[in-house]
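Take a moment to look at the sequence and the 3D view before reading on.

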Amino acid sequence: MDNQQLKRKSIQYRKTILRIIKQANAGHTGGSLSCIDILNVLYNYVMDITPENFASTNRDHYIQSKGHSVEALYTVLADKGFYPESDLDTLDQYQSHFVGHPTRKIKGIEHNTGALGHGLSVSVGIALGMKHDGHNSRVFTLLGDGELAEGSSWEALMSASHYKLDNLVIIVDRNSLQITGGTEEVMGLEPLADRFASFGCAVRVCNGNDVEDLISTFDSLPLELGRPNLIIAQTTKGKGISFMENTVKWHHRVPTEDEFKLAMQELEELEVSL
Amino acid sequence: MIEMTKGQANLVVFADTLLELAKHDPSIMVLTSDSRGSGKLVPFGEELPNQIVEMGIAEQNLVGVAAGLSMAGKHVFAVSPACFLTARSLEQIKNDIAYSDHPVKLIGISAGVSYGALGTTHHSLHDFAVLRAINNIDIVVPADNFETREAIKSSVDHPRPIYIRYGKKAMLDLHPSDATFEIGKAITLMDGEDVTIIATGEPTERACLAAKQLKSEGISCRVISMHTVKPLDVYTLLDVAQNTKVLITVEEHSVYGGLGEACAAILMERGIRLPFKIIGIPDEYTVTGSQLEIFDHYGISVDGLVKTAQDLLAKV
């Protein structure tokens, strides 16, 4: 898939995310919009994960530690053919398997997340298993920046570098906002790149909303042999919708009818301008 | 019931059994949290260094990594002191193991009050209660070497997440050589109709000794090893409760939320009423002492169980 096609996908995904959040009347809007370009590039350019190979363990793996951005994941998995997109109409509905955080009841999802600070440990375990069996497959995990306040994330990082897991790719969705406010006000993370480097990671900073920059970053994996890969993907929370961007309240706000129309209009205009 | 001879610590039996299994099954992986020595896993590490992974003193990561290794197709045994494993990493157990349905084997070593005078930080008297309330994890508490060996063997291909906990004291052998073991199926160790003691884990040994003592006093006493606390063997519980005069449960756990309350709930719901007593550790700052001193203090002793039986019989 070329860059232009990927950019179109990002717009299409944003529309779906907003549509299903509006329909469910619930969802994590800002975070799903900040990480969707990352998921787009991962699933459509980088990772070897398809409905056909999903039952095998010798393939790439993806763990979404920031489980609350599940609408982004559900959207991409539908597009990848794991289930029909119409299934997403049941999101959060009574007896639906499409819960407000990822679960293995949904094909394409291999681990249940939602409580923060869990995904990296699980990813370390898969990466250890892949190395143990001599597989070349890689493990990708997406972390929120707010969740880095969870100490378990740092336990996991210690073990990732101790075991030299260069088949592990940790991506931080660095949108710099969490539910209460800015990450640096709530619990400061900086100097984040230095902290990761001091834990033994090979660190790269990129624009996590820029398809080209993401592609060139992922193309350079592994960043360094013998070290876990740590990509700080600088993103904008609510990316793509002017009035949602960088706004704390859009963490889990649902658009009204008017806001939804306005958002769709912005996305249409973006599509035309491509 | 056989002549009770002294066996080894269940800890040792666990480590020996696992090593033998792992020699023939390269998919078995053991995770430790600086607990290789206390888990008696040094020989395992020497013999099968590629099947043991040290996680350091980081129990949350231990359990999360165990889930990941399970997803990679491994049969994972995560070994850590029961007190830390089921408290520090409870959220990982709930979400990464039970909810995510990865059939990891969580091994709680030096469980209950095995660490004795090291105090409450090192005791696990809450683990049955918290894990019973979590969907999709079985709880197995072997009483002696036989049950430990069989529980570990059965756990390898167990389809669900499982928690197995035991102590570090040498135990008496309680089973005949032709005994059989199945997770979820209680074992009748001694038969009798006046008193029934339903025991789990290391207090089972004392229940058997108490039954012998009662027998010498002309009181017949049945002893049930309820090695699986969840799912409880309801069939056996209902059967024995309707064929005894009094019923005692005994466990190395808080009296809240453990085996006793599990039995009581079922009996109450079925309308079965009989003199009944839950023996365990009461809701107080646990007395200082060795495991056996703590047992004695709270009536998890031959004399204590005999007296409990006599008191209950007096109500009949």
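In helix α10 of chain B (residues 259-269), the buried residues are L259(B), G260(B), E261(B), A262(B) and C263(B). Here, buried describes a residue with 20 or more other C-beta atoms within 10 Å of its own, exposed one with 12 or fewer, and partly exposed one in between, with C-beta atoms placed from the backbone. Helices (H or I, at least four residues) and strands (E, at least two) are DSSP runs numbered from the N terminus. This is a predicted model, in which local features need pLDDT of at least 70, side-chain atom pairs count only at pLDDT 80 or more, and totals for chains, interfaces and linings use all residues. Residues are numbered from 1 along each chain as its sequence is written, while chains are lettered from A and ligands numbered from 1 in the order in which they are written.

The buried residues of α10(B) pack against several elements of chain B, including α6 (127-132) and α9 (234-241). Contact is counted when the C-beta atoms of two residues, placed from the backbone, lie within 7 Å. Just after α10(B), G271(B) has a positive phi of about 70 degrees.

Which strands does α10(B) lie across? They are β10, β13 and β14 of chain B. These strands belong to an open, mixed sheet of five, in the order β9-β11-β10-β13-β14. Strands count as paired if DSSP finds at least two bridges between them. At the edges, β9 (187-190) and β14 of chain B each have a single partner strand, so one side of each is left without a neighbour in the sheet. Helix α12 of chain B (residues 302-313) also packs on this sheet, touching β10, β11, β13 and β14 of chain B.

The table gives helix directions; axes are lines fitted to C-alpha atoms, for helices over the stretch in contact, and angles run from 0 to 180 degrees between N-to-C directions.

| Helix | Angle to β13(B) |
|---|---|
| α10(B) | about 140 degrees |
| α12(B) | about 145 degrees |

Within the sheet, β10(B) and β11(B) (residues 221-225) run parallel and are joined by five bridges. One of the facing pairs is A199(B) with S225(B).

Now turn to chain A. Six of the six residues of strand β2(A) (residues 139-144) are buried, so the strand is largely enclosed by the rest of the structure. V139(A), T141(A) and L143(A) are on one side, with F140(A), L142(A) and G144(A) on the other. β2(A) pairs in the parallel sense with β1(A) (residues 61-64) over four bridges.
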